[in-house]
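These are my notebook entries on a structure that I looked up. I recorded each point in the order in which I examined it.

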Amino acid sequence: VVDAGSCLAILGVIFVGALYCLHIIGLCYGKHRLHHPAPLDSSTLPGVSVIKPIVGIDDNLSKNLESLFTSRHPQLELLFCFESSDEPGIEVVQTLMEKFPNVDSKVFIGGIKVGLNPKVNNMAAAYAVAKYPLVAINDSGIYMRPDAISDMAATIMQDDKMALVTQIPFCEDRTGFAAAFEHVYFGTSHARIYLAGNCLRFNCPTGMSSMFRKEVLDQCGGFEAIGEYLAEDYFIGKKMTELGYKSGISAHPALQNVSSVTFNAFFNRVGRWFKLRLSMMPQIVLVEPFQDCFPSGTIISYSLHYLFGIDIIPIFTLHVIFWITVDFMVLNIMQNTPLPFSILEFIVLWTLRELSFPIIFVKAVMDSGIRWRNKVIIVNWGGKIKSVSYV
Ligand SMILES: CCCCCCCC/C=C\CCCCCCCC(=O)N[C@@H](CO)[C@H](O)/C=C/CCCCCCCCCCCCC
Ligand SMILES: O=c1ccn([C@@H]2O[C@H](COP(=O)(O)OP(=O)(O)O[C@H]3OC[C@@H](O)[C@H](O)[C@H]3O)[C@@H](O)[C@H]2O)c(=O)[nH]1
């Protein structure tokens, strides 16, 4: 008869063993998939309607918008969406429209109310008139390489059943400690789950830079079908999967570059995402707090000690060495060029990130509202928005 302690220890070994497998899958998939552009001639690709929702202003907004005007995709329309006519970004767009008069671009103000998700409402007017078979949603804080749109389109067109492609979230090189902290998070912990999840065909798309077949989203019910959810990106993927379509990732990561990144803004953002996941899939709370390096190291060392009497300290040390080494390899695969910080800085940033995440879980569980820009959003279990209030 196996006692309760042994059962728990065996469960611990299986759980942490599965996490080690995720590391290896993420590493191999990243090496295989990232920075190898899809081999299709861009002149044969369909046109793309790019929807850019913009709220507020940032020092890098002009640079990011210009990166769309200078995209190399042959057939492109740029659809800029603002919630109101007093948005400061409108002037930035108008200046670029004058600078690039030959680029097909339009401005939409006020959106259309299709649900409670403010980003979806903001984009809905543009989606209603998008003229190309492929639609890209591209957040304001993303810089696009000249070949990024074509690579996303080529990735979709390689497979008739591929309906959705996302760029894996990452960061452009920036200066400053908070920016480097964000860089490390998106290049390690987040990248591992995103790469392994995509490789294993889990639905885990992030909507900061995505492209999909318009006819497939229309089959799913269009923007009306996703506007009631806060995680519209997750539900786009879910509905497409239910119709038998696949999703994939582009060769190029999404280059986030908000200039005003602070620790507070970073923690609020990942906290908001955690709350959103918690409301959509509450069972995630059973694994998510334990899937970081130190909690899982504690689980594996106590489990092996209980089962086989092995000393705790050497197992924990080996666990941390394995974890940080594979994380560093994944970060370098994501980056594909020299990192903007030294190995020593990486170790400090990585350690701080690993130690700081429990605070996010505690903060998120204690506060029911989800703060997003100038709104506080309450989400029901299942992911549908209950209410939006302005602050
Ligand atoms: C037996 C061991 C299993 C461990 C699996 C670990 C479970 C996942 C734990 C944490 C998730 C980390 C966060 C991932 C980043 C998600 C970013 C995000 O929240 N984005 C939202 C905003 O854009 C978006 O709306 C949400 C998308 C859904 C995310 C779903 C996450 C689950 C991914 C699971 C993939 C791993 C599969 C491993 C299966 C053994
Ligand atoms: O009320 C809003 C908030 C945001 N937005 C726009 O939505 C985009 C994303 O906003 P932020 O950068 O604040 O938020 P995030 O990076 O956290 O968003 C990301 O995660 C949550 C997902 O549901 C989103 O699809 C994804 O974009 C921006 O382009 C922003 O201008 C709106 O149009 N209206």
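The entries below go from the whole chain to its strands and then to the ligand.

**Entry 1: the whole chain**

I note at the outset that this is a predicted model. I looked up the secondary structure of the protein chain and found 14 helices and 13 strands. I then examined the dimensions: the C-alpha trace spans about 70 × 45 × 40 Å along its principal axes. A compact globule of 391 residues would have a radius of gyration near 21 Å, and the protein chain has 22 Å, so the two agree. Of the 391 residues, 42% are buried. I also looked at contacts with a separation of 6 or more, and 80% of these are between residues 24 or more positions apart.

**Entry 2: strand β8**

I checked the two faces separately.

I next asked which strands pair with β8. Strand β4 (residues 134-138) runs antiparallel to β8 and is joined to it by five bridges. Within this pairing, V135 has F212 as its bridge partner. Strand β6 (residues 162-166) also pairs with β8 in the antiparallel sense, over three bridges. Here I recorded V165, whose bridge partner in β8 is M211.

**Entry 3: a sheet of three strands**

I looked up an open sheet with the strand order β5-β10-β7 and found its pairing to be mixed. Its edge strands are β5 (142-143) and β7 (169-171), each of which pairs on one side only. Strand β5 runs antiparallel to β10 (residues 254-256), and two bridges join them. In β10, L255 stands opposite Y143.

**Entry 4: the shell around ligand 1**

Which residues come nearest to ligand 1? Among the 23 residues around it, I found these to be A18, G197, T206, A231 and W273. By class, I recorded 15 nonpolar, five polar and three charged residues in the shell.

I then traced where the shell comes from. Helices α1 (4-33), α7 (189-199), α10 (232-242) and α11 (263-280) each supply at least two of its residues. Domain 1 (4-29 + 275-379) and domain 2 (36-167 + 208-261) each contribute at least three residues to the shell.

Technical notes: Residues numbered from 1 in each chain as written. Chains lettered and ligands numbered in written order. Predicted model: local features only at pLDDT ≥ 70, side-chain atom pairs only at ≥ 80, totals over all residues. Near = placed C-beta within 6 Å. Helix = DSSP H or I, 4+ residues; strand = E, 2+ residues; numbered from the N terminus. Nonpolar A, V, L, I, M, F, W, Y, C, P; charged D, E, K, R; others polar. Domains from an automatic or database assignment. Pairing = 2+ DSSP bridges. Rg over C-alpha atoms; globule rule 2.2 N^0.38 Å. Buried ≥ 20, exposed ≤ 12 C-beta atoms within 10 Å, placed from the backbone. Contact = placed C-beta atoms within 7 Å.
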